[in-house]
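Biologist: Let us go through the labels on this model. I will ask where each one comes from.

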Amino acid sequence: MNASPPAKPFAPSAERNREPILAALRPRLAGVRRLLEIGSGTGQHAVHCAPALPHLVWQTSERPAQLAGLRCWLDEAALPNTPPPLALDMDHPDWPEQAGGAVHDVVFSANTLHIMPWTTVGAWFAALPRVLAPAGRLLVYGPFIEADRPTAPSNLRFDAQLRAQAPHQGVRRLDALDALAAQVGLQRRERVEMPANNLLVVWG
């Protein structure tokens with residue numbers, strides 16, 4: 001008996017935020033040729049953004065267990081600038097080699113840092129020089145806690161909810177991420193306010 005095809009996953013949050021994310025990314029990706037998305041999830045961001053950015057290759061990636069659902073979206077869209085997804089495990093010390101040793105102009109990720117353990121976040125930042133081209137940039141979307149600004153009550157509730165689900169989760173402090181970035185020669189270049197108390201942060 002043939003195995004049933006995997007069910008196509010759907011993330012309501014990705015559906016809600018895809019337009020604001022594309023609007024913020026579009027001017028910041030002008031001239032970019034290769035983008036690596038870390039933690040592509042269902043692939044909804046990729047299949048929405050890639051057609052609007054035909055000048056670049058949007059390389060998706062996910063943990064091996066999540067690839068089947070991601071492939072459903074990519075295969076259905078059949079876009080010329082979204083190659084097959086990469087199986088990447090940020091906890092593996094050689095995850096850049098899992099990416100084929102390719103370098104990218106931009107590394108992008110949305111709503112991932114608060115799910116990863118902090119040790120994984122640190123390992124991810126430490127390995128960025130091995131996947132970013134010279135003068136490359138890191139763009140991250142999601143909620144953050146900022147030392148110099150009041151945290152929105154909704155983000156505080158979300159942080160408490162995450163930590164109740166799993167102690168290793170939590171909304172990350174932006175100054176702590178700045179420190180990780182500085183260790184690999186990156187500085188925060190932009191802080192872009194987004195809907196629902198999210199940010200798009202650019203390091204380069």
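Modeller: Start with contact: it means heavy atoms within 4.5 Å. Helices (H or I, at least four residues) and strands (E, at least two) are DSSP runs, numbered from the N terminus. Buried means under 20% relative accessible area, exposed over 50%, partly exposed in between (1.4 Å probe, protein chains only). By these rules, the buried residues of α6 pack against β7 (144–145). This is a predicted model, where local features need pLDDT of at least 70, side-chain atom pairs count only at pLDDT 80 or more, and totals for chains, interfaces and linings use all residues. Residues are numbered from 1 along each chain as its sequence is written, and side-chain values use heavy atoms, with hydrogens and water left out.

Biologist: Which residues of α6 are buried?

Modeller: N155, D159 and L162.

Biologist: What puts them on the same side of α6?

Modeller: Their arc around the axis is only 65°, so they share one side of α6. The arc is taken from the directions from the helix axis to the C-beta atoms. The face turned away from the buried side carries the exposed residues P153, R157, A164 and Q165.

Biologist: How do you know that the length of α6 agrees with its residue count?

Modeller: The expected span is 1.5 Å times one less than the number of residues. Helix α6 (residues 153–165) has 13 residues and should span 18 Å; its end C-alpha atoms are 18 Å apart, so the two agree.

Biologist: Why is H104 called buried?

Modeller: Its relative accessibility is 1%, so H104 counts as buried. H104 lies in strand β5 (residues 104–110).

Biologist: What makes the H104 and R34 side chains a polar contact?

Modeller: The term needs a pair of N or O atoms within 3.5 Å; within protein, one must be able to donate a hydrogen and the other to accept it, and residues adjacent in sequence count only if both atoms are side-chain atoms. The H104–R34 pair is at 3.4 Å.

Biologist: Why is the pair W124 and F125 called edge-to-face?

Modeller: Rings of Phe, Tyr and Trp (its six-membered ring) pair if their centres lie within 6.5 Å; planes under 30 degrees apart count as stacked, over 60 as edge-to-face and the rest as tilted. The W124 and F125 centres are 5.7 Å apart and the planes are at 70°, so the pair is edge-to-face. F125 and W203 are also edge-to-face, at 5.8 Å and 85°. W124, F125 and W203 form one aromatic cluster.
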